[in-house]
Amino acid sequence: MTERRWKVEVDSSCIGSGMCLATAPDRFRLVDGWSQPVEKVVPEGDPMVVAAAELCPVSAIGVRDAETGAEQRIIG
């Protein structure tokens, strides 16, 4: 059985607060003042991605099923 994976996205509402970087430094970086995922695809339910998404002040972090592209609801 193949492990399900998420595609991590940061949308244009990002304000560059750095909360994601402080919460999940192995998963996010700031580039020119804006957040970007270090790896675009992570294991489904990655706890660091979930925490960063929950703490993002503008809810700019989202995930999609890496195979289907379906938007995934993050539940921490």
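How many helices and strands are there in the chain, and which residues line the largest pocket?

Author: This is a predicted model, in which local features need pLDDT of at least 70 and side-chain atom pairs count only at pLDDT 80 or more, while totals for chains, interfaces and linings use all residues. Residues are numbered from 1 along each chain as its sequence is written, and side-chain values use heavy atoms, with hydrogens and water left out.

The chain holds 2 helices and 6 strands, where helices (H or I, at least four residues) and strands (E, at least two) are DSSP runs numbered from the N terminus. Along the sequence they follow the pattern β-α-β-β-β-α-β-β. The radius of gyration, taken over C-alpha atoms, is 12 Å, close to the 11 Å that the globule rule (2.2 Å times the number of residues to the power 0.38) gives for 76 residues, so the chain is as compact as a globular protein of that length.

Now to the pocket itself, which is an open set of points on a 1 Å grid over the protein atoms alone, with protein on both sides within 12 Å along at least five of seven lines. The largest pocket contains about 150 Å³ of space, a volume being the space filled by probe spheres set on the points, which are joined across faces, edges and corners. It is lined by 13 residues (those with an atom within 4 Å of a point), and E9, I61, G62, V63 and E71 are the closest to its centre. Strand 1 (5-10), strand 5 (61-65) and strand 6 (71-72) each supply at least two residues of this lining, with strand 5 giving the most, at 4 residues. By type, the lining of the largest pocket divides into 5 nonpolar, 3 polar and 5 charged residues, where Ala, Val, Leu, Ile, Met, Phe, Trp, Tyr, Cys and Pro count as nonpolar, Asp, Glu, Lys and Arg as charged, and the others, Gly among them, as polar.

The largest cavity has a volume of about 90 Å³, and of the 14 residues that line it, C14, S17, C20, S35 and C56 are the closest to its centre. The lining of the largest cavity comprises 10 nonpolar and 4 polar residues, with no charged ones.

How values were computed
1 Å grid on protein atoms, 1.4 Å probe; cavity = no way out; pocket = protein on both sides within 12 Å on 5 of 7 lines; lining within 4 Å.
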